[in-house]
Amino acid sequence: MAGAYDANLPAVPDWLNKGDNAWQLTSATLVGLQSMPGLVILYASIVKKKWAVNSAFMALYAFAAVLLCWVLLCYKMAFGDELLPFWGRGGPAFNQGYLKGQAKIPETVRMFGNGTKEREATMPYFPMATLVYFQFTFAAITTILVAGSVLGRMNIKAWMAFVPLWLIFSYTVGAYSLWGGGFLYHWGVIDYSGGYVIHLSSGVAGFVAAYWVGPRPQADRERFPPNNVLLMLAGAGLLWMGWSGFNGGAPYAANLTSSIAVLNTNLSAATSLLVWTTLDVIFFGKPSVIGAIQGMVTGLAGVTPGAGLIQTWAAIIIGIFSGSIPWASMMILHKKSTLLQQVDDTLAVFYTHAVAGILGGVMTGLFAHPDLCVLILPVPNTNGAFYGGNGGKQLLKQLAGAAFIATWNLVSTTLILLAIRMFIPLRMAEEELGIGDDAAHGEEAYALWGDGEKFDATRHATQMQQFERDQEAAHPSYVHGARGVTIVL
């Protein structure tokens, strides 16, 4: 170790573990790649062509806006000193003295009834800068997931106002309550890596946002084919592979728990994908790529609440249920519920994230293994109901935690959108909805024509006429074919 930890190297203090720091930065990068470019690509390709740019931009904007808000105010609201039992005291997190110090989660201190300390604050072996960035990537992907419910009609200016407000008044509350030392954390509700903080909250918030923004035009609801299936798979692949950092980085160390979590995460995703695909074949006669991606996502979301706390056979069981229960809720329950059909959740975020998240949280309350829980959880004698002891109480805690997160997101998202609506229309105008990207951004995804609609030759007439004149002048052998395509004779 000579040299790497030499006393003359002030950049490597005694408490810094290079392995943990390297893994945490790698995990943060993997989670960041899930959003940028993962969800940017997935959103851009899974929607109709006329919404490709708008959908990608909503994800891109959220990633950038969340980072700035995170270091200015929100990190300490989620992981700082207590302001309320469910909220931290906000403040900036960009002072060099603060960022180069050892990472610490102050409210993870646990006290006995007589006032003495039962457990010291969690202090990972890497600097605060690493922790701030790692937790930012979780905040960013949660906000981007909400966008999936309102793609194809939300006013981009309303979305730009929504992102920082939702981060401040919704996400930070769930993060502090379950991770940063809030009341659910100390009570013992298990949310290993975001089944509640990320998936349940984004699914409920997305569903509520879809209700207030309103549905897409009827033509888009009836026919909304992906514009690029292969690129959609590329985005989904980044999402899947990035989940190793998502759940593998949750213990804040390259330890036993992180290794178990990575294996369980990938196994649950694979199982869920296969179950969803099998159900598609049984009921619809053929496998669907979109269905396979949805099954992958539900498997990942379902295992997240307990990825490092369950045995591998339990991860397979969670994968089976994650691939079947959200499928049934989307394919059967949705068609029988008038309320669910009224809400236009574009990418079915409610089913793939909220349903899968609460399912995973409940199953963690069943299958959390006591030997694995003791490695990481702050509350002693914690285990799932399957192993007896306090397991029955743990299951009830999981249900209560889910109820709090769902209720908070329902109320906070509603109030935020109603406040924005006073100044900015939540939904694009009807004429803009008919045009899509060009109306919202003055840009289009592809130079090629084709979206199933009639080609509108009046749009960009001046530019098209000038282009035609330039082509004819430069290449007299060019003539114009159908639909504005230039053909070389």
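Reader: Leaving aside neighbours within four places in sequence, which residues is Ser 35 in contact with?

Author: Happy to start there, with a predicted model in which local features need pLDDT of at least 70, side-chain atom pairs count only at pLDDT 80 or more, and totals for chains, interfaces and linings use all residues. Residues are numbered from 1 along each chain as its sequence is written, and side-chain values use heavy atoms, with hydrogens and water left out. Contact here means heavy atoms within 4.5 Å. By that rule, the partners of Ser 35 are Val 40, Phe 63, Ala 140, Ile 141 and Ile 144.

Reader: Is Ser 35 buried or exposed?

Author: Ser 35 sits in helix H1 (residues 18-46), where helices (H or I, at least four residues) and strands (E, at least two) are DSSP runs numbered from the N terminus. Buried means under 20% relative accessible area, exposed over 50% and partly exposed in between, using a 1.4 Å probe and protein chains only. Ser 35 has a relative accessible area of 0%, so this residue is buried.

Reader: What is the phi of Tyr 252, and where does Ala 348 lie?

Author: Most residues other than glycine have a negative phi. Tyr 252, in the loop between helix H9 (229-248) and helix H10 (256-284), has a positive phi near 65 degrees and counts as buried at 12% relative accessibility. Ala 348 also has a positive phi, of about 55 degrees, and counts as buried at 10%. Its place is the loop between helix H13 (338-342) and helix H14 (349-367).

Reader: Which residues have the most contacts inside the largest nonpolar core?

Author: A nonpolar core is a set of buried Ala, Val, Leu, Ile, Met, Phe, Trp, Tyr and Cys residues joined through side-chain atoms within 4.5 Å. The largest one has 112 residues, and its largest share, 15 residues, comes from helix H2 (residues 52-79). Those with the most contacts inside it are Tyr 43, Trp 70, Trp 159, Phe 162, Tyr 171, Ile 198 and Met 296.

Reader: How many residues are in the second, separate core?

Author: Its members include Ala 307, Ile 310, Ala 315 and Cys 373. Cys 373 counts as buried, at 2% relative accessibility. The size of this second core is 17 residues.

Reader: How many disulfides does a search of the whole structure find?

Author: A disulfide is taken as a pair of cysteine sulfur atoms within 2.5 Å. For Cys 69, buried at 18% relative accessibility, the nearest cysteine sulfur is that of Cys 74, 5.6 Å away. The count of disulfides is 0.

Reader: Which residues line the largest cavity?

Author: On a 1 Å grid over the protein atoms alone, a cavity is a set of points where a 1.4 Å probe fits but cannot get out, and lining residues have an atom within 4 Å of a point. The lining has 4 nonpolar, 4 polar and no charged residues. Helix H5 (156-178), helix H7 (195-213) and helix H16 (391-421) each give two or more residues to the lining of the largest cavity. The lining residues are Ser 170, Tyr 171, Gly 174, Tyr 196, Val 197, Ser 201, Ile 405 and Asn 409.

Methods
1 Å grid on protein atoms, 1.4 Å probe; cavity = no way out; pocket = protein on both sides within 12 Å on 5 of 7 lines; lining within 4 Å. Nonpolar A, V, L, I, M, F, W, Y, C, P; charged D, E, K, R; others polar.
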